[in-house]
There are 2 protein chains.
Amino acid sequence: MLGGMARYTAPIRMAVVGVGAQGRTLASRIVSDDVPAMTLSALVSSRPREAFPEFDVPTVPTMADLVARDLADAVVICVPHYEHPAFVADALRLGLPVLVDKPLAVYSAQVARLERIVRQHPDVPFGLIANFRAHPVWSEVHRRVAAGDLGDLRRTSFTATRYWRPRRYFEQAPWRATWGGEGGGVLVNQAAHQLDLWTWLCGKPAAVFAYVGFGFRRDIAVEDEVTALVRFESGARGVFVAATHELDGLDRLELLGDRGKVVLTNSDRAEVVTYVKPEQQLSDEMSMEVAARVFTQTVPLGDLYTTETLAAPLSHAGMLAAVLDNFAAHLLRGEPLLAPGLEGGTSVRLANAIRLSGWTGREVPLDFDDDVYLAELNARIRAEGQFPERP
Amino acid sequence: MLGGMARYTAPIRMAVVGVGAQGRTLASRIVSDDVPAMTLSALVSSRPREAFPEFDVPTVPTMADLVARDLADAVVICVPHYEHPAFVADALRLGLPVLVDKPLAVYSAQVARLERIVRQHPDVPFGLIANFRAHPVWSEVHRRVAAGDLGDLRRTSFTATRYWRPRRYFEQAPWRATWGGEGGGVLVNQAAHQLDLWTWLCGKPAAVFAYVGFGFRRDIAVEDEVTALVRFESGARGVFVAATHELDGLDRLELLGDRGKVVLTNSDRAEVVTYVKPEQQLSDEMSMEVAARVFTQTVPLGDLYTTETLAAPLSHAGMLAAVLDNFAAHLLRGEPLLAPGLEGGTSVRLANAIRLSGWTGREVPLDFDDDVYLAELNARIRAEGQFPERP
């Protein structure tokens with residue numbers, strides 16, 4: 001793979017595929033001085049070059065044109081969510097290294113199909129835009145979890161309710177908050193970041209049970225509130241809460257392990273607790289006399305752990321630049337991707353499983369039947385009557 | 001009922017029934033100057049008076065002796081948990097006003113039987129010791145919730161993990177953390193308070209799905225970790241988390257309503273958020289132009305709500321005195337009880353439903369079959385082989 005990378009030279013010529021709001025944001029980042037290893041070389045859009053006067057690059061209708069005219073080394077995909085997997089697949093078939101905006105896909109059958117295509121193109125670099133993974137606090141917490149500093153994970157909770165959206169936000173475009181146009185609500189649009197971060201840190205979920213509010217406090221078809229209980233393959237238990245109707249919502253992650261704890265708030269600050277010994281050892285070594293006094297709160301448990309604060313400013317522009325820089329470094333020097341593309345499949349399956357549990361009232365395993373989910377989704381698209389069913 | 005109260009005169013002569021650690025604590029409180037409307041008049045114990053030299057009152061073996069010798073106006077029950085309902089029933093039959101320590105019972109069939117007996121003795125005052133209800137912060141939050149200040153409840157979560165118990169705590173007595181001796185773990189012994197407070201504030205649960213760790217991080221048979229998802233009869237969704245293995249655990253309640261929010265931490269401090277209008281009205285009134293900017297976090301949402309802090313010192317002795325004082329005021333002047341006895345049944349049923357969900361892997365309605373739960377409990381008592389099965 002490193003050998004394969006040698007064909008790229010700095011700066012990487014990047015084309016933006018899909019030039020809506022997010023596409024413009026990405027193009028602006030690529031053009032900026034914050035990503036010196038990358039230049040904007042083209043836009044892929046059905047609209048003409050004149051539609052994007054702020055970017056002085058060619059505009060072509062398809063990715064095949066990029067290849068035919070040698071206009072780009074790589075592409076970043078920011079078309080509508082439903083189209084992400086098809087565009088990624090096209091890029092892979094064309095041999096174009098591809099970075100895709102979150103979410104990787106909307107429904108699990110898309111992920112399964114994409115997995116097969118990725119296996120057929122193992123040498124084409126493929127990454128996911130998972131901005132927060134690039135933030136220093138998140139990456140340091142991940143480093144420590146991966147290094148075993150927290151020990152085995154026992155329990156986790158993520159409250160992602162800092163996504164208040166008023167009524168007219170949903171009325172901005174006809175695809176918003178519809179089954180046919182967007183394929184879901186808070187889990188696909190707002191809290192997709194948190195689903196990714198959660199599974200990145202805690203590993204693969206085994207099953208989920210959820211209460212899901214569809215149009216709970218907004219006049220929309222899709223979910224605006226989620227309360228989910230997850231058991232991970234490791235045996236750890238977790239709670240995931242998301243909503244778009246909480247005016248002063250929370251962004252709060254807790255991770256409790258055998259050796260310590262992390263509470264990460266507002267995505268920019270983590271309180272890290274480290275036990276002086278593994279918790280069960282501290283439990284075993286405490287004498288009967290002291291143990292009998294614990295419940296009166298006269299035993300200074302604070303001696304049994306240390307605390308530490310990690311903090312760094314939250315800059316969305318900075319995180320996006322870091323993701324782009326990492327993708328360039330991957331192409332140029334084989335540096336590991338912050339988010340290998342297929343890792344995005346876990347949060348898609350989890351979001352689907354949460355909805356399926358809400359619809360059925362039962363616990364749903366993460367390896368639920370893709371066809372069952374798609375049938376449920378299409379039934380809702382049909383009932384909505386605004387968009388075609390999905391294949 | 002007020003007429004029936006007229007037969008009591010201050011100070012109320014109180015007998016403590018069951019004189020273990022909690023019985024001694026209660027007797028000390030009654031004797032103290034903090035409860036002037038009550039005197040300690042007797043102890044009920046199978047042990048002789050010499051066993052309790054610190055209390056200068058008669059000791060009798062049964063509550064019937066209290067009546068025969070006119071030794072008490074009322075009793076407070078602090079026998080082992082399993083025996084609570086039988087002792088309450090005896091007191092009611094004897095016409096003795098009765099205050100019972102939490103929990104009201106261990107399994108739901110006990111509650112159902114007790115409900116029948118209470119109906120037969122409607123004129124005998126019956127209260128539950130629910131200390132925290134007496135705390136100024138909790139009672140003020142309850143007052144506001146009941147007055148509708150928060151609007152309809154949408155979502156709630158209670159994390160009650162500030163109950164670290166080391167190994168030898170459980171080895172202090174053979175009944176601890178056993179099915180036959182205690183009937184459960186953190187839900188019956190430690191977090192019973194929080195289950196009561198939660199249902200007091202949020203109303204009756206309709207159903208629960210839970211992951212329950214039995215002997216998860218301690219060598220005990222019963223639950224040392226609980227992660228439960230509850231839907232309330234009102235439609236609100238809730239999360240309840242409890243554990244005895246978290247060294248620096250949390251005591252944190254969140255309540256989100258249509259008109260505001262409360263975050264109550266460490267049982268002594270509440271941050272109260274009040275929306276200037278109902279949340280859906282704020283959502284409806286926001287213009288498209290402003291709505292489009294909300295997600296860039298450039299709209300000052302802080303103008304849409306006010307915040308306030310409630311705080312008061314946490315004194316366990318003070319709360320217990322307040323509960324006793326309230327019970328005396330109920331007998332003397334008909335003041336409403338902080339916790340009418342049967343209200344304790346809700347948290348018992350919820351604790352049972354949580355375990356039943358953990359055992360079956362299914363969502364359990366709060367009106368589950370009492371016999372099913374008892375059969376499951378007895379199967380575990382039998383397997384344990386240390387204590388008799390329960391009727």
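Is B:Cys202 buried or exposed? B:Cys202 counts as buried, at 9% relative accessibility. The model discussed here is predicted.

**Cysteines and disulfides**

- A disulfide is a covalent bond between the sulfur atoms of two cysteines.
- A:Cys78 counts as buried, with a relative accessibility of 9%.

**Salt bridges within a chain**

- Over all chains, a search of the whole structure finds 64 salt bridges.
- One of these pairs A:Glu279 with A:Arg154, whose closest N and O atoms are 2.9 Å apart.
- In chain B, the side chains of B:Arg143 and B:Glu140 meet in a salt bridge with an N to O distance of 2.9 Å.
- B:Arg143 and B:Glu140 are separated by about one helical turn, because they are three residues apart in helix α6 (residues 136–147) of chain B.
- B:Arg143 is partly exposed, its relative accessible area being 46%.

**Salt bridges between the chains**

- The count between chain A and chain B is 14 salt bridges.
- In one salt bridge, the side chains of A:Arg237 and B:Glu225 meet at 3.1 Å, N to O.
- This pair joins two chains, because A:Arg237 lies in strand β10 (residues 237–243) of chain A and B:Glu225 in strand β9 (residues 223–232) of chain B.
- A:Arg237 is buried, with a relative accessible area of 11%, and B:Glu225 counts as buried at 0% relative accessibility.
- A network of salt bridges links A:Arg155, A:Arg252, A:Glu254 and A:Lys261 with B:Glu246 and B:Asp248.

**The interface of chain A and chain B**

- The size of an interface is often given as the accessible area lost when the parts come together.
- Between them, chain A and chain B bury about 5,700 Å², of which 58% is on carbon and sulfur atoms.
- Of the area that chain A buries against chain B, 14% is supplied by A:Tyr211, A:Arg237 and A:Leu247, more than by any other three residues.
- In chain A, 60 residues are in contact with 60 residues of chain B.
- Across this interface, 30 residue pairs are found in polar contact, both residues being at pLDDT 80 or more.
- The side of chain A that touches chain B has 29 nonpolar, nine polar and 22 charged residues.

Note on methods:
Residues are numbered from 1 along each chain as its sequence is written. Chains are lettered from A and ligands numbered from 1 in the order in which they are written. This is a predicted model: local features need pLDDT of at least 70, side-chain atom pairs count only at pLDDT 80 or more; totals for chains, interfaces and linings use all residues. Side-chain values use heavy atoms; hydrogens and water are left out. A salt bridge is a side-chain nitrogen of Lys or Arg within 4 Å of a carboxyl oxygen of Asp or Glu. Helices (H or I, at least four residues) and strands (E, at least two) are DSSP runs, numbered from the N terminus. Buried means under 20% relative accessible area, exposed over 50%, partly exposed in between (1.4 Å probe, protein chains only). Contact means heavy atoms within 4.5 Å. Buried area is the accessible area (1.4 Å probe) that two parts lose on being put together, summed over both. A polar contact is a pair of N or O atoms within 3.5 Å; within protein, one must be able to donate a hydrogen and the other to accept it, and residues adjacent in sequence count only if both atoms are side-chain atoms. Ala, Val, Leu, Ile, Met, Phe, Trp, Tyr, Cys and Pro count as nonpolar, Asp, Glu, Lys and Arg as charged, and the others, Gly among them, as polar.
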